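Subject: Structure handover

Hello,

Here is the structure for you to look over. My notes on a pocket and a helix follow below.

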Amino acid sequence: MKPSFFTSLLIAVAAMPVTAATIAQSDITSPDGKTCLKVWLADGQPYYSASYVADGKQIGMVEQSPLGLITDFGDFTRGLTWIDADTSTMHIAYDLTHSKTSRVEKDARQLTISLVNTDNQKISIEFIVEDNNIAFRYNLPRQGETGSSRIMKETTGFSLPTRATTFLTPQSDAMTGWKRTKPSYEEEYIADAPIGTPSQYGNGYTFPALFRIGDDGWVLVSETGVDSRYCASHLSDATDGLYTIAFPMPEENNGNGTVEPAFALPGSTPWRTITIAPDLAPIVETTIPWDLVTPRFESQTDYKPGRGTWSWIVWQDGSINYDDQVRFIDMASAMGYEYTLIDNWWDRNIGRERMAQLIDYARGKGVGLILWYSSSGYWNDIEQSPINIMCDPIARKQEMKWLQQLGVKGIKVDFFGGDKQETMRLYEAILSDADDHGLMVIFHGCTLPRGWERMYPNYVGSEAVLASENMVFNQHFCDNEAFNAMLHPFIRNTVGCMEFGGTFLNKRLNRNNDGGTTRISTDIFELATAVIFQNPVQNFALTPNNLVEQPRFEIDFMKQVPTGWNEVRFIDGYPGKYVVLARRHGQDWYVAALNAQKTTLKLTVELPMLAGKRAAYYHDGKDGNTPTLEEVKVNTSGKFTITLPPNGGTILKTIGN
């Protein structure tokens with residue numbers, strides 16, 4: 001077989017380093033030859049573009065986009081000279097116990113270009129090209145006597161074709177919202193907006209960012225590998241289709257901490273990631289957030305993700321008392337759940353001495369406790385307690401020692417409100433100290449996780465989404481629940497676990513199921529979100545009355561549904577409209593579907609994992625609102641027809657092997 005142009009070029013590059021004396025350009029393709037990356041210099045400025053080969057045609061997905069950094073000691077955006085380019089192949093293999101797949105194994109190709117500026121200062125840009133994925137970062141060596149670097153600006157950009165539409169959520173103003181705790185990645189998405197639509201607050205857009213390239217395919221842009229050595233970034237507003245990397249706003253965290261990140265030399269920036277494909281399957285199934293990061297520390301504790309009950313999400317602050325928490329611990333025990341989450345004010349309403357009794361009670365029921373903390377001290381106005389502990393290294397360690405002695409299993413830390421490097425240091429410090437005391441960590445009111453499932457062994461979830469609590473607060477969010485749920489598998493939840501706290505079975509979202517906001521989704525829709533949404537620890541919005549008021553098969557399903565998955569497969573869907581997703585746990589397959597459209601949707605889907613097998617079929621009944629369970633057998637072709645009413649869902653779960 002005659003090699004393709006890109007294959008021939010890759011072989012040539014591998015055989016001979018490219019230098020300024022030959023050509024200031026390099027091209028590289030993915031192992032399957034379909035994902036294509038081009039990197040070059042034009043008038044001393046570095047650029048890249050990305051394309052995809054479909055049906056023998058090369059389709060531009062990311063057009064000419066700038067690269068480069070400006071540091072406190074040198075400018076690496078212009079006046080650069082191409083020194084060389086090295087290529088290699090790499091094999092990626094690792095276990096991922098806290099995410100959407102348990103084992104990742106793939107090949108990739110690596111390209112590193114070396115450049116110097118007019119002051120003879122060096123920089124390299126490292127690219128990894130997988131099937132459907134591109135990642136790159138900047139590597140800075142020690143520059144003579146200069147051993148540290150402050151990054152003043154990153155000119156990295158992502159230029160999308162003019163035919164693209166966007167699925168984005170805006171970066172909020174800083175020091176706004178509840179008790180001045182924003183940004184917290186909880187703004188609403190706009191679907192299929194024209195490229196270049198200005199962001200709501202003028203601050204650009206949060207990661208991840210999804211783009212539809214007309215009928216040619218999809219592009220997902222994000223970042224990974226952010227830890228204490230850099231800030232978290234977001235996208236600027238677009239100019240002529242070009243989005244660029246934006247650093248945090250100066251006002252974040254009440255003005256504390258620098259906007260510009262800094263690190264020791266030699267050092268590297270986080271990875272910028274791009275997933276490109278002609279369809280949505282590689283977007284939903286991508287593992288690029290974890291492929292290139294490594295654990296920040298080893299743990300002596302074998303953490304056990306699982307399911308939990310959570311009184312606050314429906315019963316609110318008034319439930320944070322000893323007797324109500326006993327009820328939710330009893331419910332967790334009855335459901336076979338591993339955890340109960342006790343939210344804010346526990347130190348005041350229950351008290352530390354009585355918490356020891358409650359922890360003993362839970363232990364006797366086979367339930368571990370997760371306790372809520374505020375992250376804050378000096379950068380917002382939160383008064384919900386415990387406060388002023390997690391931000392103080394000495395108080396934090398003392399508190400964690402106490403938690404470990406009592407047998408607490410984890411902590412949920414809330415209200416961060418910023419993306420500066422100082423805040424990233426706090427995230428990492430909490431995780432590190434918690435691991436020293438055998439504690440899992442959930443973050444809430446927080447930033448997007450960026451590879452953290454692999455980087456931190458005790459990390460088990462982040463909110464960073466317009467989550468379930470908003471449904472309790474405002475009917476608007478109940479009315480838009482289905483629309484939002486149809487976005488997360490393609491955008492937010494595809495790049496990181498998502499502590500949503502869903503699956504409401506109360507029709508009215510208050511303590512007595514008789515007031516407050518009204519859920520408009522069907523029960524089967526709610527059950528299906530337990531499969532659609534992925535997080536290592538799922539604190540569901542169930543309440544004790546559900547155990548006697550709901551059909552028995554609904555409760556049985558919620559007793560069985562896992563939170564750890566071995567595999568995910570995208571079946572069908574469109575962001576904001578509908579989704580069909582399959583997840584595997586051991587030998588069991590769960591296929592869940594949701595519909596956010598105003599009309600009933602009838603789909604014939606291909607389910608090869610269920611071909612010829614018996615399955616439990618959960619659906620909304622002939623009237624579209626009667627929860628129903630029946631046993632079916634999927635034909636040997638794997639094709640199966642499902643009917644989804646508006647705000648409805650279905651689930652297919654394998655029976656036996």
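A pocket here is an open set of points, on a 1 Å grid over the protein atoms alone, where a 1.4 Å probe fits, with protein on both sides within 12 Å along at least five of seven lines. Its volume is the space filled by probe spheres set on the points, which are joined across faces, edges and corners. This is a predicted model: local features need pLDDT of at least 70, side-chain atom pairs count only at pLDDT 80 or more, and totals for chains, interfaces and linings use all residues. Residues are numbered from 1 along each chain as its sequence is written, and side-chain values use heavy atoms, with hydrogens and water left out.

The largest pocket holds about 590 Å³ of space. It is lined by 29 residues (an atom within 4 Å of a point), and Trp 178, Glu 186, Phe 415, Glu 469 and Phe 473 are the closest to its centre. Two or more lining residues come from each of β26 (410-414) and α11 (469-473); helices (H or I, at least four residues) and strands (E, at least two) are DSSP runs, numbered from the N terminus. With 3 residues, α11 gives the most to this lining.

Helix α8 spans residues 393-406. Its buried residues (under 20% relative accessible area, 1.4 Å probe, protein chains only) are Ala 395, Arg 396, Glu 399, Met 400, Leu 403 and Leu 406. They lie on the same side of α8 because they cover an arc of only 130° around the axis, taken from the directions from the helix axis to the C-beta atoms. Ile 394, Gln 398 and Gln 405, on the other side, are exposed (over 50%).

Regards

Key:
Expected span 1.5 Å × (residues − 1).
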